[in-house]
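Take a moment to look over the model, and then let us walk through it together, one part at a time.

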Amino acid sequence: MKRQNGVSGASHPELDDPADAAATLPRVLCVAGSDPSGGAGLQADLKTLQALGVYATSVVTAITVQDTHRVYEVLPIDPWLVERQMATVLDDVGADAIKIGMLARRDTVELISRLCQSKARGIP
């Protein structure tokens with residue numbers, strides 16, 4: 001498949017300029033942990049959304065050590081950094097929907113809830 005913007009997958013001419021893609025495609029913000037095996041978490045969300053022709057953005061809530069069979073370690077990202085990621089993406093790109101996965105910490109759950117109330121009210 002043709003590579004565009006460093007991403008392999010379906011060819012989407014509208015992805016030549018990320019600003020154009022964000023303005024023309026449905027936008028989904030994925031908030032979740034990272035799965036280096038690619039079978040779950042942000043990596044799976046982003047692959048799925050790209051295949052559906054959606055402009056996907058992401059917020060990393062945890063880094064994991066895992067393979068396709070087992071999770072070995074989970075390192076939650078500091079909630080302050082999660083908040084900065086989410087606020088920055090919402091302010092810049094916006095979102096038509098938000099998909100929430102693993103948040104890893106209670107304070108991150110509370111933070112995401114507050115951010116959805118203040119910066120993403122009305123976004124499913």
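Start with the open sheet, in which 4 strands stand in the order β5-β4-β3-β6 with mixed pairing. Two strands count as paired here if DSSP finds at least two bridges between them, and the strands themselves (E, at least two residues), like the helices (H or I, at least four), are DSSP runs numbered from the N terminus. The edges of the sheet are β5 (71-76) and β6; each has a single partner strand, so one side of each is left without a neighbour in the sheet. From one strand to the next, the twist averages 25 degrees.

Before going further, a word on what you are looking at. This is a predicted model, in which local features need pLDDT of at least 70 and side-chain atom pairs count only at pLDDT 80 or more, while totals for chains, interfaces and linings use all residues. Residues are numbered from 1 along each chain as its sequence is written, and side-chain values use heavy atoms, leaving out hydrogens and water.

Now follow the strand pairs one by one. β3 and β4 run parallel and are joined by 8 bridges; within this pair, Ala32 has Val60 in β4 as its bridge partner. On to β3 and β6, which also run parallel, with 4 bridges between them. Here you can find Cys30 opposite Lys99 in β6. β4 and β5, in contrast, pair in the antiparallel sense over 5 bridges, and a hairpin of 4 residues links them. Ile63 has Leu75 in β5 as its bridge partner.

How much of β3 is buried? The strand is mostly covered, with 8 of its 8 residues buried. Buried means under 20% relative accessible area, exposed means over 50%, and partly exposed lies in between (1.4 Å probe, protein chains only). Another cysteine, Cys116, is partly exposed at 22%. The structure holds 0 disulfides, a disulfide being a pair of cysteine sulfur atoms within 2.5 Å.

Next, look at what packs inside. The largest nonpolar core has 15 residues, and those that touch the most other members are Leu29, Val31, Met86 and Ile98. Such a core is a set of buried Ala, Val, Leu, Ile, Met, Phe, Trp, Tyr and Cys residues joined through side-chain atoms within 4.5 Å. Two or more of its residues come from each of β3 (27-34), α3 (79-92) and α4 (106-118), and α3 contributes the most, with 4 residues. There is also a second, separate core of 6 residues, among them Val28, Leu42, Leu49 and Val54.

Which residues does Met86 touch, leaving aside its neighbours within four places in sequence? They are Leu29, Val31, Val59, Ile98, Ile112, Leu115 and Cys116, where contact means heavy atoms within 4.5 Å.

Helix α2 covers residues 41-51, and its buried residues are Leu42, Ala44, Asp45, Leu49 and Gln50. An α-helix has 3.6 residues a turn, so residues three or four places apart point the same way. After α2 comes Gly53, with a positive phi near 80 degrees.

Two loop residues are worth a visit. Pro36 lies between β3 and α2 and counts as exposed, at 53% relative accessibility. Not counting residues up to four places away in sequence, Pro36 touches Gln43, Thr64 and Gln66. Pro36 and Asp67 are 31 residues apart in sequence, yet 7.3 Å apart in space from C-alpha to C-alpha. The other is Ala104, in the loop between β6 (97-100) and α4. Its phi is near 75 degrees, a positive value in a residue other than glycine. Most residues other than glycine have a negative phi. Ala104 is partly exposed, with a relative accessible area of 40%.

Finally, step back to the whole chain. The protein chain has 4 helices and 6 strands, running β-β-α-β-α-β-β-α-β-α from the N terminus on. Of its 124 residues, 39% are buried. Among contacts between residues at least 6 apart in sequence, 63% join residues at least 24 apart.

Note on methods: Axes are lines fitted to C-alpha atoms, for helices over the stretch in contact, and angles run from 0 to 180 degrees between N-to-C directions.
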